[in-house]
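Trainee: I have a new structure open and I'd like to learn how to read it. Could you walk me through it, one feature at a time?

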Amino acid sequence: MSGLRGPVRVVGAGLIGTSIGLALARLGVVVELVDANPDNALMAERIGAGSRLVQIEPQLVVVAVPPDHVGAVIAEQLAQTDAVVTDAASVKSKPLTDARLLASDLSRYVGSHPMAGSERNGPLAARADLFDGATWAITPHSSSSPEAVELVRCLAEACGARTVELSVEDHDLAVARVSHLPQLMSSLAAGTLVDAPNSHLQLSGQGVRDVTRIAAGDPGLWTQIVSANSAALTGLLEQIRDELDRVLVALGKEEAGDELTSVLARGVSGAIRVPGKHGTPHIELVSVLVTIPDRPGQLARLFNDAAASGANVEDLRIDHSPGRPVGEVELLVKPGSDDQLTETLTARGWVVHR
Ligand SMILES: NC(=O)c1ccc[n+]([C@@H]2O[C@H](COP(=O)([O-])OP(=O)(O)OC[C@H]3O[C@@H](n4cnc5c(N)ncnc54)[C@H](O)[C@@H]3O)[C@@H](O)[C@H]2O)c1
Ligand SMILES: O=C(O)C(=O)C[C@]1(C(=O)O)C=C[C@@H](O)C=C1
């Protein structure tokens, strides 16, 4: 973390601000917590993300409030302190435009955006390891000083992330594609479930859970994010509208065949372009499904047995419908490790499917 010595003032002790505080606390950096809602600052302090009262001037201020308020808080913090100021907002053009209207010198301000989060909000959803291995975008503007950029890089690295530098405009185009459009698609898909009869919902499996997890995100926060990035999103939504029209036409035909296959095949090609964990290139993983009894200690036993096979579990999913005596754990491993994993688990009494 080299140049980062603290104190770091976090304005907005919600999910992201408190997670930053917890991550910095691991390194002993002094963190000051400020929030418009005193209960959130108190809660964040109680879980160890920092203190509400720090007497020393901050070296760095991190603004982690909802996007509509970010510009004003940046300007306020630049005026009140000599610190470098960054923000964590999910869009970067609007905070910069808003701050420019309120502050004449923005050389101490550099935007940034940790690409990790959750559908939950508030300090109680925070985690010290939220940013470990995540990508953290840094978006300098034309008058950001190199020292300020360097300090923000140190912050991201201190939180366990790897940094990527890109322009404000490019950032907003990128997140429209990889974050904001997926959020809208998830919300639209989940919205069709509102009036679904329970007899339909009881058939829900992992597919619908995967697609709708992020739909649970805070509608107020997402309205601000999506509205602030409307230009970039509009083009993508028009593309989706055209694709949907193609699907509808294909479904209306007696033989939907080729047209439909081409839409679905394009999805396969897009999905394999999503990088794997820690920003590494996507690798095709093989899944090994294991039936797991609903008893305490079974997951720990499964992980021990998986480790004994020598396979590294790259990812996992748990499908456990309440009321069922067993659940299903999907272990995802690199091709080549699956045979040994299956063999070891079967030998140790697990019911394994491929
Ligand atoms: N949720 C995510 O997954 C995620 C991921 C990366 C970045 N972000 C960005 O991080 C920022 C915070 O999001 P969050 O998910 O932590 O939200 P959150 O609702 O959990 O926390 C926001 C906090 O800011 C406080 N606040 C609001 N206005 C304020 C003001 N003017 N001054 C001081 N405090 C104020 C609120 O009381 C709340 O405690 C947003 O800009 C969001 O776009 C969110
Ligand atoms: O994992 C999630 O819950 C998220 O949606 C996190 C996510 C994302 O789209 O990747 C959401 C918004 C942020 O601005 C950054 C990260």
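Trainee: Let's start with α10 and α11: is their crossing left-handed or right-handed?

Mentor: Left-handed. Keep in mind as we go that this is a predicted model. To read a helix pair, look at the axes, then the hand, then the residues that touch. Here the axes of α10 and α11 (residues 257–271) come within 8 Å and cross at roughly 145°.

Trainee: Which residues make that contact?

Mentor: On the α10 side you'll find Glu243, Arg246, Val247 and Ala250, and on the α11 side Glu259, Leu260 and Val263. Sort them by class and you get 4 nonpolar, no polar and 3 charged residues.

Trainee: What about α6 and α10: at what angle do they pack?

Mentor: About 55°, with the axes 9 Å apart. For your bearings, α6 covers residues 168–191 and α10 covers residues 230–252. Angles between 35 and 65 degrees count as oblique, so α6 is oblique to α10. As for the hand, α6 passes α10 in a right-handed crossing.

Trainee: And which residues of α6 and α10 meet?

Mentor: From α6, look for Asp172, Leu173, Ala176, Arg177, His180 and Leu181; they meet Ala232, Leu233 and Leu236 of α10. That contact has 6 nonpolar, 1 polar and 2 charged residues.

Trainee: Zooming out, into which domains is the protein divided?

Mentor: Domain 1 runs over 8–166, domain 2 over 173–271 and domain 3 over 286–353. With a pair of domains, check the spacing of the centres and then the contact. The centres of domain 1 and domain 2, taken over C-alpha atoms, are separated by 31 Å. Across the contact, 8 residues of domain 1 meet 12 residues of domain 2. The domain 1 side of it has 3 nonpolar, 2 polar and 3 charged residues.

Trainee: Now the ligands. How many residues surround ligand 1, and which are the closest?

Mentor: For a ligand, read the shell around it: who is there, and which elements they come from. Ligand 1 is surrounded by 29 residues, and the closest are Gly12, Gly14, Ser90, Gly117 and Asn121. The elements giving two or more residues to this shell are α1 (15–25), α3 (67–80), β5 (109–114) and α9 (219–228). Helix α3 gives the most, with 4 residues. Class by class, the shell of ligand 1 has 16 nonpolar, 12 polar and 1 charged residues.

Trainee: Which residues surround ligand 2?

Mentor: Find Ser90, then the stretch Met115, Ala116, Gly117, Ser118 and Glu119, and finally Ser179 and Ile214. This shell has 3 nonpolar, 4 polar and 1 charged residues.

Trainee: One last thing, down at the backbone. Is the peptide bond from Gly6 to Pro7 cis or trans?

Mentor: Omega tells you the form of a peptide bond. From Gly6 to Pro7 the bond is cis, with omega near -10°. To find the spot, go to the segment before β1 (8–11), where Pro7 lies.

Definitions and conventions: Residues are numbered from 1 along each chain as its sequence is written. Chains are lettered from A and ligands numbered from 1 in the order in which they are written. This is a predicted model: local features need pLDDT of at least 70, side-chain atom pairs count only at pLDDT 80 or more; totals for chains, interfaces and linings use all residues. A residue is near a molecule or strand if its C-beta atom, placed from the backbone, lies within 6 Å of it. Ala, Val, Leu, Ile, Met, Phe, Trp, Tyr, Cys and Pro count as nonpolar, Asp, Glu, Lys and Arg as charged, and the others, Gly among them, as polar. Axes are lines fitted to C-alpha atoms, for helices over the stretch in contact, and angles run from 0 to 180 degrees between N-to-C directions. Angles under 35 degrees count as roughly parallel, over 145 as roughly antiparallel, 65 to 115 as roughly perpendicular and the rest as oblique. A crossing is left-handed if the near helix is turned anticlockwise from the far one by less than a right angle, and right-handed if clockwise. Two residues are in contact if their C-beta atoms, placed from the backbone, lie within 7 Å. Domain bounds come from an automatic or database domain assignment.
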